[in-house]
Amino acid sequence: EAARYLVMVVELEPATHVARTLTARSVDLPLPRRRGPVQQAPWRVDVLASDGAVLFSAPLQDTATVRGEFPDAKGQLSGVTVQKRVAAVTLRLPLLDGAAAVRVVSAGDGVETELGRVAYPKGTP
């Protein structure tokens, strides 16, 4: 098990499929282990090799959807869901030789849509 992993903060504009790396740094600890079954999530992060092969994949929560409940004139609560134009995700990824790109994919309704892609950081401190 590697004694280091990578933390990235990626900003996404899901509607236009644009992504930007805000920060990337290595952490001098092993990648946290997932306990129990893999949780289903509406998004997924993939680390890709230069030939497109998936080297690592993990579920990811949708950070662009915000839900709130507000009372109407009669005091009854009703739910409201909005989509943020810009969202940010924090990713914990293994340090992988041959990694070229990090992509975020929406896997909702059985249809996969790439929300954005950034270069995998090389030589992170």
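1. Ala119 counts as exposed, because its relative accessibility is 55% (exposed means over 50% relative accessible area, buried under 20%, and partly exposed in between, with a 1.4 Å probe and protein chains only). This residue lies in strand 9; strands (E, at least two residues) and helices (H or I, at least four) are DSSP runs numbered from the N terminus. Beyond its neighbours within four places in sequence, Ala119 is in contact with Met8, Thr21, Ala100 and Ala101, where contact means heavy atoms within 4.5 Å. The C-alpha atoms of Ala119 and Arg103 are separated by 8.6 Å, the two residues being 16 residues apart along the chain.

2. On the basis of the note: the model is predicted, so that local features need pLDDT of at least 70 and side-chain atom pairs count only at pLDDT 80 or more, while totals for chains, interfaces and linings use all residues. Residues are numbered from 1 along each chain as its sequence is written, and side-chain values use heavy atoms, with hydrogens and water left out.

3. Is strand 3 buried or exposed? Strand 3 is largely enclosed by the rest of the structure, because 7 of its 7 residues are buried. Trp43, Val45, Val47 and Ala49 point one way from the strand, whereas Arg44, Asp46 and Leu48 point the other way, and all are buried. In a regular strand, side chains alternate between the two faces of the sheet.

4. Arg44 deserves a separate comment. It is placed in strand 3 (residues 43-49) and counts as buried because its relative accessibility is 18%. Which side chains make polar contacts with Arg44? The side chain of Glu112 is joined to that of Arg44 by a polar contact of 2.8 Å, and the side chain of Ser57 by one of 3.5 Å. A polar contact is a pair of N or O atoms within 3.5 Å; within protein, one must be able to donate a hydrogen and the other to accept it, and residues adjacent in sequence count only if both atoms are side-chain atoms. Arg44 stands opposite Pro59 in strand 4. Its contacts outside four places in sequence include Ala58, Leu60, Val104, Val105 and Ala107.

5. In the largest nonpolar core, which has 21 residues, Met8, Val10, Trp43, Leu91, Leu93 and Val102 touch the most other members. A nonpolar core is a set of buried Ala, Val, Leu, Ile, Met, Phe, Trp, Tyr and Cys residues joined through side-chain atoms within 4.5 Å. Two or more residues come from each of strand 1, strand 3, strand 4 (54-60), strand 7, strand 8 (99-106) and strand 9 (113-119). Val102, leaving aside neighbours within four places in sequence, has contacts that include Met8, Leu91, Leu93, Val45, Val47 and Val118.

6. A further open sheet has 3 strands in the order 2-1-7, with antiparallel pairing. Its edge strands are strand 2 (18-27) and strand 7 (87-94), each pairing on one side only. Neighbouring strands here are turned by 20° against each other on average, direction ignored. Strand 1 (residues 5-13) and strand 7 run antiparallel and are joined by 8 bridges; Val89 in strand 7 is the bridge partner of Val10.

7. A last point concerns His17, found in the loop between strand 1 and strand 2. Its phi is near 60°, a positive value in a residue other than glycine. Most residues other than glycine have a negative phi. His17 is partly exposed, with a relative accessible area of 42%.

Terms used: Pairing = 2+ DSSP bridges. Axes fitted to C-alpha atoms, helices over the stretch in contact; angles between N-to-C directions.
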